[in-house]
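Subject: Handing over a structure

Dear colleague,

I am passing on the structure below, together with some notes on what was found in it. Please keep it open while you read.

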Amino acid sequence: MKIRHIVLLIYIVSCFKAGAQQLLPFVENFTKSEYQGDNQVWSVVQGNDNAMYFANNHFFLRYNGVKWEKYTLPNKTIIRSVYSFGDKIYSGSYKEFGYWHRKNGFMVYKSLSEDAMFAGFSGNEEIWKIFSFGKNICFQSFNALYVYDGIKTKRINFPSQISYCYPIDNEVYAATTREGIFVLKNNKFIPVSGWGQLKGGIIHGIEKHNGEIYVFTKNNGVFKGDKDKLVPWQNPVNFYVKEAVILSSKFIDKTKLAIGTSRQGLYIVDLASNTYININRKNSLKNNAVLSIALDRENDLWLGLDNGISHVEVNSPVNLFTDNSGLLGSVYSLSSLSNTGYLLVTNHGIFTYKTSVLEPIPNTQGQVWDVYKNGNKFILGHNDGTLVYDGNVLKNESPVNGGWKFLKSRFDGVYFQANYAGIAVYKDINKLSEYKMLGKIEKPIRNIAQNHPGELWAADNYKSLYRITYDENLNVKKIQNVSADNNIKGDFGVKLFNFKDQILFFINNIWYTYNSLTGKLEKNTLFNSSFGNVSDIIPIDEDTFMVFKDGLLYNVNQKGNDFLWKLLPEKYYQGRLIIENIQVFAEAGKLVVNLDDGFVEIKRDIPIKKNAALKIEAFYEGKYVTPQTSIKYNHSLELDVVSPWFGYNRADLQYRFNGGRLHAVNSGKIILNNLASGSHDIELFANNGLHPLKLTTYKFTVDKPWYFSLYMIMAYVAFTVLVFYLYYKWNHFKYLQKVRLNEEELRHRTQIIELEHEAEIKLRNQEYEKHLLETEVQTKASEVAGKSLSIAKHSEMIESIQEVLESEKNVDRLVTKIKKVIKTSTISKNEWQSFEKNLIKSHEEFVARLTEKYPVLTPKDIKLCIYLKMNLSSKEIAPLMNISFRGVELHRYRLRKKLEIGTEESLSRFMINI
């Protein structure tokens, strides 16, 4: 009867414990929609390339922290086991085993089995486990062990059907389903005599830890002992795991053990304190059946579930409390309960969290904004008033409601409380019913700060920054709207930050400090350069604060004029922060940040993350990039930044492309679009808190555009040569054509010139002949005129003499009359002058040439030249010049002298040629 009651009591405790809400490590779940595979994950292992490998029913999965890869066996059978050895990942399936290796960015399978190996067994011959034993790789089915030495495979049959084999201390133990445990000796399995109590049970794990052997049975819990004797494990968790059905197990380190169950998920046991946590579907896991467990290089756990995969960061400095019941609500502030737990204030009321149990404090429903710890008491800013809680009793001690912040003055010995109606002042913290409102500020004040006596800074819940000065009796002297006085627009949601006894004001994304001498706000160079674009800044203590920037939380410490930033990875609080109401509570060795459904607990001295060698895998058009890969111009390249860490130690990475600015590496993936031709480099940096630390560089080359390729350049050259050739030929043709035309034109011009010349000669000859004719005509005309004049005068004289002869008979008078007629018939002076004038006019050109050439000639010389040009003889010239023949000859002689002509040359011919 007593035993039944004890069992019932244990069951009740078990149910209570199962319903408890524990502080848990971070769990990252992967669903089949993410890895695009099947439900069950039978086996998990980490390869030497740091990637995780999974046996996922019909699929062989690989995850490097950036992306999932999925493969199938050639025969499409279910994969039951995976194992890492060297650079190979071995896998076992139905009548099939072999290994996978990485080649050009993808996994390639090589089979090691033959159908003849499985002869003599039933159809259910699957490889459920793979392990190394010495230098051999062992593939275990339910009926036989296949040992591969790198060259050939031999088969060792089991004495009966087994569940699994386990290598312990250079021995192989085989757990049969009915006859207990056998050990391999000289290629034969013999029974282990001291473990008789395991007969008839299913064994799901045997491990040696700290010199002791642990046996994990499916339904009978855990046994502990040595090779000679086993006893039930004396740990409180043994009862729970027995009821939950053990499926898998793994020692994490010297003090931690992980047990995977079928009904209650994962138990993580602290062997030093005999305490445990249970991670299951109610708090973190997506499925309660943990089929397989593996450790990665951070000693974090990877769970293969009945439906999905989980990564449990058991060695992270971060733990989470999440209320999945919805009872808690959003946590706006918290404080410690004397190291036994936390006091949480939420929009649903006030709660205590102790020994993994969350309990509401009665009659505290409603919005609670703030908790201020005063010794062993807590002052709570509730929507309905100011409450005091001493750990047991809760009292409403002040009607001041909506207390956002409770502040102790270092100068005046009083307490200020920012609330819905302004600022309340308490002189005695133990008499909160006695208070006064500071001045006439009748509006919601959300935040207050003080760093000088008689002065208080206040930020409106909505808009404006106030500076309040008061006297020693707390009577307000002046309330100054500082942001309005400094003409600052957009002063909504002003933030106050008291750092190293200096109050900074964050207004419209600019940090200010107050100059008490000028009464003006001045921009703070140090904070504006470091925190100019933060969303929120949360004080922790005098030297430390947190910054919320671009959706990320950073723990910040000042180091000289620089600030040391330590990132709290986003995955721990993603989508769970209460923006504008982030609070950080600091206690011994821990920082606690409120969340909208719980809180996150971080070790105070966050360990520096390990900077491990990174590997970059580049993919172009879905293919792995090798030195021979041709990346086309203006295409995209995908780079996977693969880290050996999957948990907290995973670095906060940044990259710089071709020396440009730094960019964050999101989820380990870098995508470069519209790549230009030429050489490129990607530099990877880790954020070490102060300055980016360069880790590695990846270089690649992008081909020139198709229109700049070798063939196209050759085509361009050929085309250019062709164009130049055609241009040359065309120019040559045009040149020859032009030469021909020029020759033709020259010939025509020559002909024309010749013709013109001939015509000109002819014209000149004609003109010359005409001139000669005209000259001759003129000469003849002169001669004729002279002759005509002479003849006319002689004829007239003869007629007159004839008339005298006929009419006069007297000889004397006849003679007298004849003489008179002769005298009368002589040419008159005027007639002679007219003759000479006409003569010279008819020879004007000759006279002009003659006088130009021989300016010494007299008019008489010129007349003689004219007569000579007319080819008259001296006898003919004498009467014309009214001189004697002898006078003409003498004149001619003198003319020769002036003209410098010898006697052998004819004067008439000379005159004609002038």
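Rings of Phe, Tyr and Trp, the last taken by its six-membered ring, are treated here as a pair if their centres lie within 6.5 Å. With that in mind, and bearing in mind that this is a predicted model, a cluster can be traced in which ring pairs link F497, F499, F506, W511, F527, F531, F545, Y554, F563 and W565.

A search of the whole structure gives 72 aromatic pairs. In one of them, F499 and F545, the ring centres are 5.2 Å apart and the planes stand at 85 degrees, so the pair is edge-to-face. Because F499 belongs to strand 47 (residues 495-499) and F545 to strand 52 (residues 544-549), this contact ties together parts that are 46 residues apart in sequence. F499 counts as buried, at 4% relative accessibility, and F545 likewise counts as buried, at 0%.

Y633 and Y707 also form an edge-to-face pair, with 6.5 Å from centre to centre and 75 degrees between the planes. This pair links distant parts of the chain, 74 residues apart, with Y633 in the loop between strand 59 (623-624) and strand 60 (637-642), and Y707 in the loop between strand 65 (692-702) and helix 6. Here the relative accessible area of Y633 is 32%, so Y633 is partly exposed, and Y707, at 30% relative accessibility, also counts as partly exposed.

Two lysines can be described in relation to aromatic rings. The charged end of K88 sits over the ring of Y99, at 5.2 Å from its centre, while K463 lies over the face of F492, 5.5 Å from the ring centre.

Turning to the strands, there is an open sheet of five strands in the order 1-30-57-56-55, and the pairing is antiparallel. Its edge strands are strand 1 (24-25) and strand 55 (584-587), each of which pairs on one side only. Strand 55 is joined by four bridges to strand 56 (residues 590-595), the two running antiparallel, and E587 has K590, in strand 56, as its bridge partner.

Finally, helix 6 (residues 710-807) contains L741. Is L741 buried or exposed? Since the cut-off for exposed is over 50% relative accessible area, L741 is exposed, at 53%. From L741 to E767 there are 26 residues in sequence and 36 Å in space, taken from C-alpha to C-alpha.

How values were computed
Residues are numbered from 1 along each chain as its sequence is written. This is a predicted model: local features need pLDDT of at least 70, side-chain atom pairs count only at pLDDT 80 or more; totals for chains, interfaces and linings use all residues. Side-chain values use heavy atoms; hydrogens and water are left out. Two strands pair if DSSP finds at least two bridges between them. Buried means under 20% relative accessible area, exposed over 50%, partly exposed in between (1.4 Å probe, protein chains only). Rings of Phe, Tyr and Trp (its six-membered ring) pair if their centres lie within 6.5 Å; planes under 30 degrees apart count as stacked, over 60 as edge-to-face and the rest as tilted. A charge sits over a ring if NZ of Lys or CZ of Arg is within 6 Å of the ring centre and within 35 degrees of the ring normal.
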